[in-house]
Amino acid sequence: MITAKVKEIKQLMKDALALRRITGEDAQFIIDDYMESELEGHQTHGLSKFLMIDAGLAEREGAPEVISESASFAKIDGHRELGHITALKAVRMSIEKAKATGIGLVAFSNNSRYSRVTPYTRMIADAGLIGVMTNNGGPCCVAPFSGKRAIFGTNPLSFGFPGEKSSYVFDFATAEKVWGAVRQCYVEGKPLPPNSFIDEDGSFTSDPEKAYAGVPFGGPKGNALCFALEVMTGAFIGVKMGLETKDEFDLGYLVCALSPEMFTDLASFKAEMEKIAGDVRTCPPRARAEGLRPRRDLWRNAGQRPQPRGGRHAGRRVRAAKEDECLA
């Protein structure tokens, strides 16, 4: 068994990024994102995805550029920059605009993928604003409800809300499972999650090599949300969507920061947020409810670093999130 301390892995990642001329805050943000995903048990967005970063780096053409702007909105051409770097620019702009006008809406495209949406809506919420962010999770890897042709992306949606002690973040794909699950199951030699992917004939499959498309979560309602986000990150911001998307640089992204002080004051908003969060935490569980995890929060408490889960990660097991402890 090979083990490595968390801090050693982070240093290797830092060195790898430095060789690729990514340093400073950008490098640290990227490292924290992938490591947090790995330590939480989201290996589809963790170290295995970091190892694919060269595919995006090879396409870089220049720094992200603001190509249109007003007091409350902007559009950015990523010039094929890394998704993390382009997204950070967009989020910072949205925060600045929301603090000035109440609303900051920023669209961006022509960049490679990032890992998760969580860090960006958390950043907005930590600034005392409400964050909403989505992106086209394609190209073309999710079939519409009851269909068998891939048309949509996995189209994640995230919300971030400021709280009194820390922020609350919701982040989920509108597909039953992210497409990265196919890659991860193939690498680990595991079957796909049930009723999550179909083959070319439209039948559910557990074989990663036969997966052709994912399916929306939540039946026709989830399908409607997935469809809507395809439009919001496509036609709405003037980029491709659906069958027109061919690679990651065709995909659109949209981030919105909203100031609670448009309608209330921040302290009151945070107090109300804590009240409903407490009500949810103390809600009595249904007896023997299928899939219910009564001791687990329904959101990420974004102000705290997550504790690792015990599931296997591509043959390794997370032992601890502390810098001096190991991934094995």
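How far apart are the end C-alpha atoms of helix 2 (residues 24-40)? The legends below take that up, then move on to other spots. This is a predicted model, where local features need pLDDT of at least 70, side-chain atom pairs count only at pLDDT 80 or more, and totals for chains, interfaces and linings use all residues. Residues are numbered from 1 along each chain as its sequence is written, and side-chain values use heavy atoms, leaving out hydrogens and water.

**View 1. Helix 2, end to end.** Helices here are DSSP runs of H or I with at least four residues, and strands are E runs of at least two, numbered from the N terminus. The end C-alpha atoms of helix 2 are 24 Å apart, which agrees with the 24 Å its 17 residues should span at 1.5 Å a residue (the expected span is 1.5 Å times one less than the number of residues). Just after helix 2, Gly 41 has a positive phi of about 100°.

View 2. Buried means under 20% relative accessible area, exposed over 50%, and partly exposed in between (1.4 Å probe, protein chains only).

View 3. A disulfide is a pair of cysteine sulfur atoms within 2.5 Å, and the count here is zero. For Cys 141, the nearest cysteine sulfur is that of Cys 140, 7.8 Å away. Cys 226 has its closest cysteine sulfur in Cys 141, and at 8.3 Å that's too far for a bond. Cys 141 is buried at 6% relative accessibility, and Cys 226 is buried at 0%.
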